[in-house]
Amino acid sequence: MNNALRTTAFAAALAATFGAAYGVGRGVDPLVAAEDRPAGQHGGHDGAGEGGAEAAAAGHAPGGLQISAGGYTLALETPVVPAGSRSEIRFAVKDDSGRKVTAYRREHGKELHFILASTDLTQYRHLHPVRAADGTWSTPVDLPEAGGYRVFADFTPAAAGAENLTLGADLAVSGAYRPAALPAPAAVAEVDGYRVTLGGELRAGQAGELTPSISRNGRPVTDLEPYLGAYGHLVALRAGDLAYLHVHPEEGDPGPVVSFAATAPSAGTYRLFLDFKHQGKVRTAAFTVRAAAPASDAEGHGESGSGAPAGHTH
């Protein structure tokens, strides 16, 4: 499937590249905004999507590594929540005068997107918080595992000239903590009876295409439903520093293949989370992926793995 694609990487206009994949999945927030439309009919994140290569070349940091940027700060009002019980996370975005921001541009059906992940990248949530009139956001959460987490707020203030930002802050989940190892790369993810196979041949610093294909009971799924304005959403977190990268297809068909144009800012290991909606429910397929070094670097250092498709371990 040949789709016209636009890479969206929040804050730094970077995107993610992956070479091999591993999958475990879970269902996440099934609520979808009424104004959601199929990919290609939604015009969110225009500024962030353009000039991605130039931003990467300029050495801009990926999103989520900073708590403050562009005159705005993510103020996490509940930095600690308990493991294994339902609680509430509250936060606000403040401007450089310390005032809570109350006006945002709607992008992909929402004023603000909120991502939460554990530092070992085994827990992931794509949440949709509610904003009070004073600018305080809140969302319920139930996290089964204790440990360190990172939260990411992706938004564009309504102020004139404001750009899309992704700010990050640390969250502690109290309780007995047992760190988990990052799953090994593999080509297939299984979630709720769906089989997601990741294809593609991609490298750090070089544009490529990821092509996850979705099937169920041995049959291709050809009737995916739009979720937040697209037939698939892709979030990637870089292992080690949890740099946040997010890409969207601009247009395409409702399955079984959803294509993403992507470029990783660096070689290394990433955790990829693919959200897709089918039969009224949003599911997430998760992959561990490796972005190989650019071909010139690999050749210069005699590294293997050049040109390996997704699903092949380097």
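User: Leaving aside neighbours within four places in sequence, which residues is Phe 155 in contact with?

Analyst: This is a predicted model, to start with. In it, Phe 155 touches Tyr 72, Val 93, Tyr 104, Glu 107, Glu 111, Leu 112, Glu 163, Asn 164, Leu 165 and Leu 167, with neighbours within four places in sequence left out.

User: OK, and which residues have the most contacts inside the largest nonpolar core?

Analyst: Those are Ile 89, Leu 112, Phe 155 and Leu 171. The core they sit in has 27 residues.

User: Which strands each supply at least two residues of it?

Analyst: That list is β3 (72-76), β5 (86-95), β6 (112-118), β9 (136-142), β10 (147-155) and β11 (165-174).

User: And where does the largest share come from?

Analyst: From β11, which gives five residues to this core. There is also a second, separate core, with 26 residues. Val 196, Val 221, Ala 262 and Leu 274 are among them.

User: Is His 126 buried or exposed?

Analyst: Buried: His 126 has a relative accessible area of 1%, and the cut-off for buried is under 20%.

User: How much relative accessibility does Asp 192 have?

Analyst: 41%, so Asp 192 counts as partly exposed.

User: What about the phi of Leu 242?

Analyst: Leu 242 has a positive phi too, about 55 degrees, and is not a glycine either. You'll find Leu 242 in the loop between β16 (233-238) and β17.

User: Buried or exposed, that Leu 242?

Analyst: Leu 242 is buried, because its relative accessible area is 6% and anything under 20% falls in that class.

User: Last one. Which residues does the cis peptide bond join?

Analyst: Gly 255 and Pro 256, with omega at about 0 degrees.

User: And where does Pro 256 lie?

Analyst: Pro 256 is in a loop as well, the one between β17 (244-247) and β18 (260-262).

Key
Residues are numbered from 1 along each chain as its sequence is written. This is a predicted model: local features need pLDDT of at least 70, side-chain atom pairs count only at pLDDT 80 or more; totals for chains, interfaces and linings use all residues. Side-chain values use heavy atoms; hydrogens and water are left out. Helices (H or I, at least four residues) and strands (E, at least two) are DSSP runs, numbered from the N terminus. Buried means under 20% relative accessible area, exposed over 50%, partly exposed in between (1.4 Å probe, protein chains only). A nonpolar core is a set of buried Ala, Val, Leu, Ile, Met, Phe, Trp, Tyr and Cys residues joined through side-chain atoms within 4.5 Å. Contact means heavy atoms within 4.5 Å.
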